[in-house]
Amino acid sequence: MDRPVEQAGKPTGPVAMVIVAKAPQPGKVKTRLCPPLTFEQAAELYTGFLLDTVELAQSVSGCEVKIVCPTAQDAQALAGLIPVEVEYIVQPEPGLSAALATSFRECLAAGYRAVFCISSDNPTLPVAYLNQAVARVTETDVVLGPSEDGGYYLIGAGRLFPTLFENMEWSTNRVLGETARRIEEAGLGHYSLPLWYDLDTGTELIRFIRELPADQKLAVHTRRLLDKLPLSKLQV
């Protein structure tokens with residue numbers, strides 16, 4: 001059985017909702033949206049995704065929102081975009097494995113009773129899914145939010161299970177299945193949230209635009225930026 005990293009005493013206090021993010025630099029984020037978007041347009045749109053994701057996470061009761069990013073430079077750039085109450089975690093080495101493991105390790109050591117890591121581009125993810133994750137984490141070892149592309153949009157737990165992140169081949173359609181296999185192999189239990197989808201490609205962006213809820217209070221920042229884009233190129 002996988003051995004979790006031991007914590008000093010029983011974790012108390014709120015849960016941590018950690019958003020995995022980068023500074024919105026052209027050519028560094030959402031490059032699979034190019035074309036039809038330019039690198040500059042994709043980076044600007046990503047800013048909207050991120051701002052809306054932060055506000056989504058902040059709406060979850062009992063959560064404290066943090067952002068994990070690759071470098072101190074990313075944290076500094078994001079500090080000019082993100083509300084001041086959001087704290088930053090700078091991972092010690094590059095890669096998603098380090099981002100996730102560092103988030104769990106630092107937040108659990110700080111006394112959070114559970115940690116949830118979510119992606120930074122889910123501006124319309126139903127808040128009910130996040131509330132469900134927080135409610136279920138006390139009943140199982142790991143909570144997963146499966147994505148349609150074979151990955152996951154959320155992972156949460158009350159302990160750090162290093163085997164779930166070590167030597168993982170990310171950005172493939174095998175991530176969710178491999179994670180589930182490792183969970184089973186370690187003798188752990190898990191709970192799956194409803195399926196959702198990522199916003200990585202032009203096709204997914206078209207779907208997102210078509211499925212935007214009528215409620216104008218949702219995805220406010222993303223909506224504003226979409227109004228500035230040449231959507232005719234997307235054939236929406």
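Cys107 counts as buried, at 2% relative accessibility. In this predicted model, Cys107 takes part in no disulfide. The nearest cysteine sulfur, that of Cys117, lies 7.4 Å away. Cys69 is also buried, with a relative accessible area of 0%. The closest cysteine sulfur to that of Cys69 is in Cys107, at 13 Å, which is too far for a bond. A disulfide requires two cysteine sulfur atoms within 2.5 Å. By this criterion the count of disulfides is zero.

The strands form an open sheet of seven, with mixed pairing. Their order is β3-β2-β1-β4-β6-β5-β7. Strands β3 (87–90) and β7 (190–192) are the edges, and each pairs on one side only. From one strand to the next, the twist averages 25°.

Strands β1 (residues 15–20) and β4 (residues 115–119) run parallel and are joined by five bridges. Val20 has Ser119 of β4 as its bridge partner. Helix α1 (residues 39–58) lies across β1, β2 (63–69) and β4. The direction of α1 is at about 175° to β1. Helix α3 (residues 96–109) also packs on the sheet. Contacts of α3 involve β1, β2, β3, β4 and β6 (152–157). The directions of α3 and β4 make an angle of about 150°.

The mean for the protein is 91, and 92% of its residues reach 70 or more. Over residues 1–12, the pLDDT is below 50. This stretch has 20 contacts in the model beyond near neighbours in sequence.

Methods
Residues numbered from 1 in each chain as written. Predicted model: local features only at pLDDT ≥ 70, side-chain atom pairs only at ≥ 80, totals over all residues. Heavy atoms only, no water. Pairing = 2+ DSSP bridges. Helix = DSSP H or I, 4+ residues; strand = E, 2+ residues; numbered from the N terminus. Axes fitted to C-alpha atoms, helices over the stretch in contact; angles between N-to-C directions. Contact = heavy atoms within 4.5 Å. pLDDT = per-residue confidence, 0-100. Buried < 20%, exposed > 50% of the residue type's maximum accessible area, 1.4 Å probe, protein only.
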